[in-house]
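Subject: Structure handover

Hello,

Here is the structure you asked for, followed by notes on what was found in it. Please read the notes with the coordinates open.

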Amino acid sequence: MKKIILAAAFAAVFGTAVAAETIKIGVTPGPHAQIMEKVKEVAAPKGLDIEILEFSDYVVPNQALADGELSANSFQHKPYLDNQVADRGFKIVDVAYTVNFPMGVYSKKVKSLDELADGATVAIPNDPTNGGRALLILADKGLIKLKDGASLKVGPADVTENAKNLKFAELDAAQLPRSLDDVDAAVINTNYALEAGLDPAKDPIAREGEKAPYVNILAVSEKDKDQPWVKTLVKAYHSDAVKQFIADTFKGSVIAGW
């Protein structure tokens, strides 16, 4: 009886030990993986153990989440997720903003967009949302015009004016840095630019503005969105420690989006 009373008193004073809950989060290599390592560090004392799995493309992480192989993923912006949900019927929802990766136009052949020759080839991502995003950057810089009412999912067929007769090479997003030797310019996502050793803050000949639709997100299965671990994960990601890590590590090439 004394042992029971003492144990109860100890628990009342010091709290009972809580077993850590383990979740699996899918990320793409580079900033998302680096940031998630910091989130893992912050989440651990809160009773959340994060296992990080890296994926080399933008398609598999959502499929793996939908199949129950992941608890969450962190690699995409909302327009991309919306497109995946519409096209594939995934029951996946966003639960928090993470970071913004302003997309850049890179070139090994010219130093400005004005130097692009007539008929130059510009490589863009071949997925609808990032390809559309790339075209919107070129339109914003005055190189092309898009049809009225163009959405975030525009494609080369939606170009209505193209004064330089630019040709568009649609490639897998991860392959775009390698294409720089073969094309005149390429519009590259920041995570793949960093992975290839490019400096997204200094190397682009043009850069996207910090537009809200492209802030990246944490995504989970719809059935899990109200689970306690989701709140713990978001709180850890949105901590001052993670925000400072992003600022110190990426120096403006990746920006906290919350």
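In which loop is Asn165 found? Asn165 sits in the loop between β8 (159-161) and β9. Before going further, please note that this is a predicted model.

Asn165 has a phi near 55°, a positive value in a residue other than glycine. Most residues other than glycine have a negative phi. With a relative accessible area of 43%, Asn165 is partly exposed. Lys251 also has a positive phi, near 45°, and is not a glycine either. Lys251 belongs to the loop between α8 (240-250) and β13, and at 64% relative accessibility it counts as exposed.

Overall picture

The protein has 8 helices and 13 strands. Its C-alpha trace spans about 90 × 40 × 25 Å along the principal axes. Of the 258 residues, 47% are buried. Among contacts between residues at least 6 apart in sequence, 75% join residues at least 24 apart.

The sheet around β10

An open sheet is formed by 5 strands in the order β9-β6-β10-β5-β11, with mixed pairing. Its edge strands are β9 (167-171) and β11 (206-207), each of which pairs on one side only. Strands of a sheet pair through backbone hydrogen bonds, either parallel or antiparallel.

Strand β10 (residues 185-188) is covered on both faces. Ala185 and Val187 point to one side, Ala186 and Ile188 to the other, and all four are buried. Strand β5 (residues 104-106) runs antiparallel to β10 and is joined to it by 3 bridges. Gly104 has Ile188 as its bridge partner in β10, while Val105 is partnered there by Val187. The pairing of β6 with β10 is parallel and covers 2 bridges. Here Val122 stands opposite Ala185 of β10.

Which residues does Leu138 touch, not counting residues up to four places away in sequence? They are Val105, Val122, Leu143, Ile144, Phe168 and Val187. Two of these names came up above as bridge partners: Val105 and Val187. Leu138 itself is in helix α5 and counts as buried at 1% relative accessibility.

Asp127

Is Asp127 buried or exposed? Asp127 is buried, yet it has no salt bridge. The nearest side chain of opposite charge is that of Arg133, 8.4 Å away. A salt bridge would need a side-chain nitrogen within 4 Å of a carboxyl oxygen. A polar atom of the Asp127 side chain does lie 3.0 Å from the backbone nitrogen of Asn130. Asp127 is in the loop between β6 (121-125) and α5 (128-140). Leaving out residues up to four places away in sequence, Asp127 touches Tyr58, Tyr80 and Gly132.

Aromatic pairs

How many aromatic pairs does a search of the whole structure find? The search gives 6. One of them, Tyr58 with Phe75, is tilted, at 6.0 Å centre to centre and 40° between the planes. This pair links distant parts of the chain: Tyr58 is in the loop between β2 (48-54) and α3 (60-66), and Phe75 is in strand β3 (residues 72-77), 17 residues apart. Both Tyr58 and Phe75 are buried.

Tyr237 and Trp258 have ring centres 5.7 Å apart and planes at 85°, so the pair is edge-to-face. The cut-off for that class is an angle over 60 degrees. Tyr237 is in helix α7 (residues 228-237) and Trp258 in the segment after β13 (255-256), so this pair ties together parts that are 21 residues apart in sequence. Tyr237 counts as buried at 1% relative accessibility, whereas Trp258 is partly exposed, with a relative accessible area of 27%.

Ring pairs also link Tyr58, Phe75, Tyr80 and Tyr192 into a cluster.

Regards

Conventions
Residues are numbered from 1 along each chain as its sequence is written. This is a predicted model: local features need pLDDT of at least 70, side-chain atom pairs count only at pLDDT 80 or more; totals for chains, interfaces and linings use all residues. Side-chain values use heavy atoms; hydrogens and water are left out. Buried means under 20% relative accessible area, exposed over 50%, partly exposed in between (1.4 Å probe, protein chains only). Lys and Arg count as positive and Asp and Glu as negative; His and the chain ends are not counted. A polar contact is a pair of N or O atoms within 3.5 Å; within protein, one must be able to donate a hydrogen and the other to accept it, and residues adjacent in sequence count only if both atoms are side-chain atoms. Contact means heavy atoms within 4.5 Å. Rings of Phe, Tyr and Trp (its six-membered ring) pair if their centres lie within 6.5 Å; planes under 30 degrees apart count as stacked, over 60 as edge-to-face and the rest as tilted. Two strands pair if DSSP finds at least two bridges between them.
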